[in-house]
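Thanks for sending this one over. Here are my notes, point by point, with the cut-offs given as they come up.

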Amino acid sequence: MAPLLEVENLRTQIRRRKERVHAVDGISLSVEPGETLGLVGESGCGKSMTVLSVMRLLPPGGQITGGRVTFDGRDLTTLPAREMAALRADRIAMVFQDPLTSLNPTMTVGDQIAETVLLHRDVSKAEARERAAEVLDLVRIPAARQRSRDYPHQFSGGMRQRVVIAMALACEPDLLIADEPTTALDVTTQQQILDLFDDLQSRFGMAMILVTHDLGVVAGRADRVTVMYAGQIVESAPSAELFGQPRHRYTEALFRAMPSGAHRLHGRLKNIPGLPPDLARPPGGCRFAARCEHATAECRAEAPALLAGAGSHAVACVHPARAGAPVQAADRLPPPLTADPAAAQTALSCRDLVKEFSTGRGLLPGRHPSRISAVAGVSLDIADGEIFGLVGESGCGKSTLAQLMVALERPTSGSLLLYGKDLGRLSRRQLRAERRGLQLVFQDSAAALDPRMRVGSILTEPMRLQHLARGHDRGVLVRRLLDDVGMPARSAERYPHEFSGGQRQRIALARALALRPKVIVADEPVSALDVSV
């Protein structure tokens, strides 16, 4: 069977002010009709840039500099812009990584889906709206016809993801590309979304590319898995073969970093030391050599070719794992390092915290606005040096409680004490001084970072406001913070949109650490991070 999509030696570069980033550097892959391909790798390895190249939706400065992208016999790299626009959302559709920024906040979700149908089908507005309600029902939005009149902000994260999927399916595409479709979703919602993809694929018979940094997402779903590192493909194999015996040392390291029941009970997860290379100055030889414990001078001398072995298992590694060798087990867990909370001073104390939100004013005389109780009488104590876990599904009130705990929201009732000091009784000026000791790592790192500021300015701003360090000392602190969260010092010169989702999450963590706080409240701090970090 001829491939539906064939990518041959694709090269994509991003032009910056003083350099060119080789984001995609000579990759080749194919997808057959009805097949699911898993595209896996760490943040910043080129996965999203690969699929954006296929869609010809590259960011400013992005350019395809070589290779071919053939879809159903047509070369997309040379297709006129009008014809390419006609293919998007009709025959090739994409579910983007961040559903909130993919949706227009000024339009109802039904109108947004109907707009796609009107662009690609000869139907009336009424028929397009009917189709919008149909696909919302298809992706299991309750009361789909009624909810189609709601705006994106009125949906939870998991429901917004379903809306974006509905929009992508509105014209029944031949190929669906899903870029990190389950990032930042809780485990139950994640499973529902993945089951939904399985159901929709079998119903429509479409091909699918699942882009993810989590090998667990593609396990049992992808027919084939392609592993990317630093803009190149390092391993590609049928799913069963790759999960049964990873050959490249990078893939092997990713498996060793995966959480599993055995690791949780008996071992410590292994991280991958070091950082991926700077793709503006890619190294010679194997790009994983600097992080690989098996690397030799031969690995650094020449880049290994992607060679196919038995069973279509291709690997680009000088010293691949031998067939049949088990993946190394995790280390035994050491004794806990945390001091006994009972013997420590109480750092943060919540007493009967209640937070209610009004849903608006009543329209008729005598009607009162309805209220939603987000937090209802929560009391807890967190000791100095203690790690406190707060767990629950999306929508259960965790993020609201987190914002109450750092005094970004005022409680409807109840009290919050930081080392015995009631923050609710402080003036705004006093609270600003105390807030230095309380920092929040926001769940949505893209929305938490000012897009008009460079990373260095983002990290020094809280230091300036709180009169912490000066001049050269701030620069030293910024470099140290970036190093602490596994980012190169040159990141300080770039803007947030120039980073992947996982890299932005690390920058948000660095910002929270900038003031050396006494208490950090981390809201879903690793939801967008690779298992390796």
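1. Phe 243 has 24% relative accessibility, so this residue counts as partly exposed. Phe 255, at 13%, counts as buried. (Buried means under 20% relative accessible area, exposed over 50%, and partly exposed in between, with a 1.4 Å probe and protein chains only.)

2. Please keep in mind that this is a predicted model: local features need pLDDT of at least 70, side-chain atom pairs count only at pLDDT 80 or more, and totals for chains, interfaces and linings use all residues. Residues are numbered from 1 along each chain as its sequence is written, and side-chain values use heavy atoms, leaving out hydrogens and water.

3. A search of the whole structure turns up four aromatic pairs (ring centres of Phe, Tyr or Trp, the latter by its six-membered ring, within 6.5 Å; planes under 30 degrees apart are stacked, over 60 edge-to-face, the rest tilted). Phe 243 and Phe 255 are edge-to-face, because their ring centres are 5.3 Å apart and their planes stand at 90 degrees. This pair links distant parts of the chain, with Phe 243 in helix H10 (residues 239-244) and Phe 255 in helix H11 (residues 249-256), twelve residues apart. (Helices, H or I of at least four residues, and strands, E of at least two, are DSSP runs numbered from the N terminus.)

4. One aromatic cluster is formed by Tyr 229, Tyr 250 and Phe 288.

5. Which ring does the charged end of Arg 494 sit over? The ring is that of Phe 499, with its centre 4.2 Å away (NZ of Lys or CZ of Arg within 6 Å of the ring centre and within 35 degrees of the ring normal). Likewise, the charged end of Lys 355 sits over the ring of Phe 357, 5.3 Å from its centre.
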